[in-house]
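Biologist: Could you take me through this model step by step, giving the criterion behind each term as you go?

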Amino acid sequence: MVLEMQIGARLKEAREAQNLSLEELQEITKIQKRYLLAIEEGNLQILPGKFYARAFMKEYANAVGLDPNELMEEYKEEVPKTEEPTEEQYSRIQRSRKSQEKSTSNFSLFPTVIVGLLIIGIIAVAIFFIAQNMSGTESKDPVNQDDGKGNDIVIKDDSDGGEANQNTADEDQDNEEQDGNDEDTEETNEKAKEPEFTVIEEGTGNTPESTVAFSYTGDEVKATLEASDDTWLGVKADEEDVLFEENMFNAEQSPLELDLTGKERVFFKIGNASVLTITINGKEMEYPVDPSNVRQNIWVELKQEAE
């Protein structure tokens with residue numbers, strides 16, 4: 001059912017005063033023409049939902065020179081109530097982050113366990129060779145023996161086996177320690193090469209525009225986007241290089257795989273940050289602004305680090 005809405009008439013009047021056609025307004029707001037026309041005519045049931053009805057009205061108002069907050073307050077009886085992100089969506093995001101933190105904690109214990117086992121092994125080897133050396137020295141004293149003809153024969157152990165064993169033990173211990181140091185170095189290098197997000201600028205306002213840096217090693221950069229519910233989404237490297245045309249994005253379209261290899265920076269326009277997870281090279285991005293502020297614009301600068 002189409003409702004007579006004063007707010008739609010007010011927006012249309014402001015558009016015509018600006019001499020803007022619906023096609024021109026579509027280019028400015030990036031909102032499809034049929035949605036703009038539906039707002040003017042009060043045909044809100046064809047919009048994606050209440051949240052987007054409010055968001056599209058605000059974008060429309062901004063584009064035609066009206067204060068969106070004053071407009072929404074003046075016609076608050078006509079404007080649909082905001083759909084707040086559900087508790088289930090927030091719980092899903094929190095579970096994902098806790099799982100990642102637990103995995104990282106378990107991985108950090110791995111080098112410590114290896115070093116501990118190596119130390120125990122070195123001590124055991126050292127004790128073994130010391131015991132062997134001590135048992136070999138007992139036979140070094142001269143021994144008198146009768147040759148059966150009444151003559152004594154002096155038998156002396158000139159073997160240097162004890163010293164050789166000790167040298168071998170020392171070499172084994174040095175090798176074990178070197179192997180342990182090599183493994184520790186490899187673990188440290190692997191940690192240092194992990195991809196990382198760093199917030200450069202945190203945006204403000206109703207639609208904050210933030211900038212984050214993503215440092216990585218290697219040649220390829222792959223992004224994965226997953227939504228648990230509906231969100232407006234657009235992704236581009238620049239005006240000519242559009243990776244995902246602005247449109248609705250939801251769980252049925254997830255996961256969305258994007259190849260960012262060779263890009264210097266990428267822009268994400270997000271209509272409902274609370275339901276969207278962005279992961280680059282296996283590293284989940286934490287939003288610079290709390291995702292309860294659902295509308296966010298984010299620039300991600302891609303920085304390749306030396307290996």
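**Sheet, rings and pocket**

Modeller: Six strands form an open sheet with mixed pairing, in the order S3-S4-S12-S9-S6-S7; strands are DSSP runs of E of at least two residues, helices are runs of H or I of at least four, both numbered from the N terminus, and two strands pair if DSSP finds at least two bridges between them. This is a predicted model, in which local features need pLDDT of at least 70 and side-chain atom pairs count only at pLDDT 80 or more, while totals for chains, interfaces and linings use all residues. Residues are numbered from 1 along each chain as its sequence is written, and side-chain values use heavy atoms, with hydrogens and water left out.

Biologist: How many bridges join S3 to S4?

Modeller: Strand S4 covers residues 209-216 and runs antiparallel to S3, with Glu201 standing opposite Thr211 in S4. The number of bridges joining S3 to S4 is five.

Biologist: Are the rings of Phe197 and Phe214 stacked or tilted?

Modeller: Rings of Phe, Tyr and Trp (its six-membered ring) pair if their centres lie within 6.5 Å, with planes under 30 degrees apart counted as stacked, over 60 as edge-to-face and the rest as tilted; by this rule the count comes to eight aromatic pairs. Phe197 lies in strand S3 and Phe214 in strand S4, so the pair ties together parts that are 17 residues apart in sequence. Their centres are 4.7 Å apart and their planes stand at 45 degrees, so the pair is tilted.

Biologist: Is Phe214 buried or exposed?

Modeller: Buried means under 20% relative accessible area, exposed over 50% and partly exposed in between, using a 1.4 Å probe and protein chains only. Phe197 has a value of 17% and counts as buried. Phe214 has a relative accessible area of 0%, so Phe214 is buried.

Biologist: Which residues lie closest to the centre of the largest pocket?

Modeller: On a 1 Å grid over the protein atoms alone, a pocket is an open set of points where a 1.4 Å probe fits, with protein on both sides within 12 Å along at least five of seven lines, and lining residues have an atom within 4 Å of a point. The largest pocket holds about 630 Å³ of space, a volume being the space filled by probe spheres set on the points, which are joined across faces, edges and corners. Of the 28 lining residues, the closest to its centre are Thr29, Lys30, Trp232, Glu246 and Lys269.
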